[in-house]
Amino acid sequence: MRDYYHVKINLPGGIASPGFLKEVLLAAREANVHQVRFGARQQLLITAHYEDMRFLEKSLKNAAMRYEVNTDRNPNIVSSYCGEDVFRTGQWLLANEYHWVLDCFDYQPSLKVNISDSNQSFTPFFTGNLNFISSPEPHFWYLYVRPKQSNVVFRWRELVYTNEIGKLANAVETCLLEDGFIDEETLFASVNARIQYISQPATTEVELPSFSLPYYEGFNRYESRTWLGLYRRDELFSVDFLLDVCALCMKTKIGEMCVTPWKSLIIKGIEDQYRGDWSSILGKHNINVRHAANELAWQTEDHHEEGSVLKKELIQYFDKHDTRTFGLCFGIQTRSKSEVFGSVLIKKRPLLRIGQLALFSLYDIYYTENFNPNSRRLVAFERGLYRMQLAVQLEKLCRRFSNQRSKPGMQLAFTAEEELQQQPAPGKVLHQCPHCFTVYDPEYGDEQQNVPPDTPFESLSESYCCGVCGSGKAEMEVVLEVV
C-alpha cells in the first residue's frame, strides 16, 4: 500500500479564481495537508497520506472538482497568460483573447496543449503536443504539432482563428490518438474530413524571440498598479498562507491568480492602498522574496525530490564561486520519460541496472541550439559525469556562454555541424537520435543491443536503431561532446 498519494488538479491556462482555490485548499487542510505545490504545467499538486485520502476525495467529489490521483491522463493546458500585462510584449494578444481560447475547450485534452504569445520567453512554446502560438495576423494562431512519444515538431499548414482553437485541437487529438500518426499530409486530410474551421494559409514559420527570463518574484510596478511574484525554494506553499492570499484577493476584488511554469505564483492588479496588507501577509507567514536570479532560472520534475536536491547543490556552488548565469535557464531530468524546460539540461542516466533498479548512474550535460530553451535541438557538452563533476562543468559552460555573448555580432552557440568545422581540436563525435535525444557514444557502445564498447558508429549494422524510440541509424545526427 502507498504511504502517500499524489493528487493533481488542473488549472487551465494557469489561471485560478481565489474562490475555487480556497475551496480546494480547505479540502486539503481538512485532510491534514499542510503544504501544496504548483507543477511545471501550471497545475495544483497535493500530496496526501493514504489514511487521509478518503476525506480529501470526498470533499473534492462533493464540490464536483475534477482531479487525478497518481496519473496524468488529462494534462493541464499551459498558457503564457501569467506574463500578460506584467511581461507583455505582444501587440494584439490581451487577456480577452486568452479567455476566449480557454473557453473554447469544451473537452478535457488527453494531449498536452500550449497557448503562447510569440513575443514572450517566460513560458515554453513546444513542450506540448499541440502548440498554438500567436501570429503577426491579429486573432490568428500558428499550430505546431508534436506527436506523442516523439520529438518531431511540424507546422500546421494553416493559421487558425482564435475561437476555433478548441475545435481544431479536439479534432487533431482524436486523429492522432484514434488513427495514429502516419504523416503530416494524412493527418491534415483526416482533420479536414472531420471539421470545418476558419483559417488562412500559414506561409512562414514562427519567429522565436531570443530568450530572456524576466525576474518574476517580489513586488513590481506595472502601469499604475503592482504585481507580486511568489517563489518558494522547496516549491512548497503553506496551505494557511495560500488561504490568506485567497482571502485578500477576494477582499480587494482580484479575480484571478496565475500559476507559472516555474512553479511560482503571480498576483496581478494590486492597488496601492492594499500594498501594506500584502506585506503583512508575507510577514505573518515569514515569506521571503527577492531570491537571487540564478536560483529562479531552474526547472525540476514534479513530485520528485532528487532534482530539487541536486538543484540546491548546484546553486550553492554557483553562489560560492559567484558564477554568472544571466541569460540561461536550467532543467534537471532524472527520469527518462519526463520533460523539463531549459537552455541547459542536466540528464541523469543509469549505467548499471538490476531489473528496474539503477545501482549506478552518470550525468550528461546538453545545451539547446543558440541556448534558446525553445529550440528542440540539443547539443552534447559533457557526457558520463559523476555527480561531483557536474558543478565544475556547468560553470565551464556558463563561462563559455558569457564569453560568446560578450563578443559583438557573434553567434551565441554553434550548431553541431559548425562545432565540427570551427573547433581546432574537436571533441568526441557522437550520434544523437533527433526524436528522443538518446546518444550513441562509441566509448560505451550499446549494452542493451549487444554492441560492445569502442564500436565506431560507422561500424554499426544498417539495421541498428535507437534503443529508446526505435528510430533508424540513418536518422541519427552528428553532435559534438565538447572537451
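Predicted model: local features only at pLDDT ≥ 70, side-chain atom pairs only at ≥ 80, totals over all residues.
I'll begin with the charged pairs. The count comes to 24 salt bridges. One of them joins Asp272 and Arg221, with the closest N and O atoms 2.4 Å apart. Asp272 sits in the loop between strand S17 (265–270) and helix H7 (275–284), and Arg221 sits in strand S13 (residues 218–222), so the pair ties together parts that are 51 residues apart in sequence. Asp272 is partly exposed, at 48% relative accessible area. Arg221 is partly exposed too, with a relative accessibility of 48%.

Next is Arg376 with Glu339, where the closest N and O atoms are 3.3 Å apart. Arg376 belongs to the loop between strand S21 (357–368) and strand S22 (378–385), while Glu339 belongs to the loop between strand S19 (330–333) and strand S20 (344–354), so this bridge connects parts 37 residues apart in sequence. Glu339 has a relative accessible area of 29%, which means that it counts as partly exposed.

Glu235 is in the loop between strand S14 (225–230) and strand S15 (237–238), and Lys263 is in the loop between strand S16 (257–259) and S17, 28 residues apart. Are these two buried or exposed? Glu235 is buried, at 7% relative accessible area, and Lys263 is buried at 3%. Both belong to a network of salt bridges that also links Arg37, Asp302 and Glu305.

That brings me to the cavities. The search of the whole structure finds two of 30 Å³ or more.

Lys311 leads on to helix H9. H9 covers residues 305–320, and its 16 residues reach 23 Å from first C-alpha to last, close to the 22 Å expected. Lys311 is buried in H9, and so are Gly307, Ser308, Leu310, Leu314, Ile315, Tyr317 and Phe318. Just after the helix, Asp322 takes a positive phi of about 50 degrees.

Last, the cysteines. How many disulfides are there? The count is zero. For Cys82, the nearest cysteine sulfur is that of Cys258, 6.4 Å away. For Cys175, the nearest is that of Cys104, at 17 Å. Cys82 is buried, with a relative accessible area of 0%, and Cys175 is buried at 1%.

Conventions. Residues numbered from 1 in each chain as written. Heavy atoms only, no water. Helix = DSSP H or I, 4+ residues; strand = E, 2+ residues; numbered from the N terminus. Expected span 1.5 Å × (residues − 1). Buried < 20%, exposed > 50% of the residue type's maximum accessible area, 1.4 Å probe, protein only. Disulfide = S-S within 2.5 Å. 1 Å grid on protein atoms, 1.4 Å probe; cavity = no way out; pocket = protein on both sides within 12 Å on 5 of 7 lines; lining within 4 Å. Points joined across faces, edges and corners; volume = space filled by probe spheres on them. Salt bridge = Lys/Arg side-chain N within 4 Å of Asp/Glu carboxyl O.
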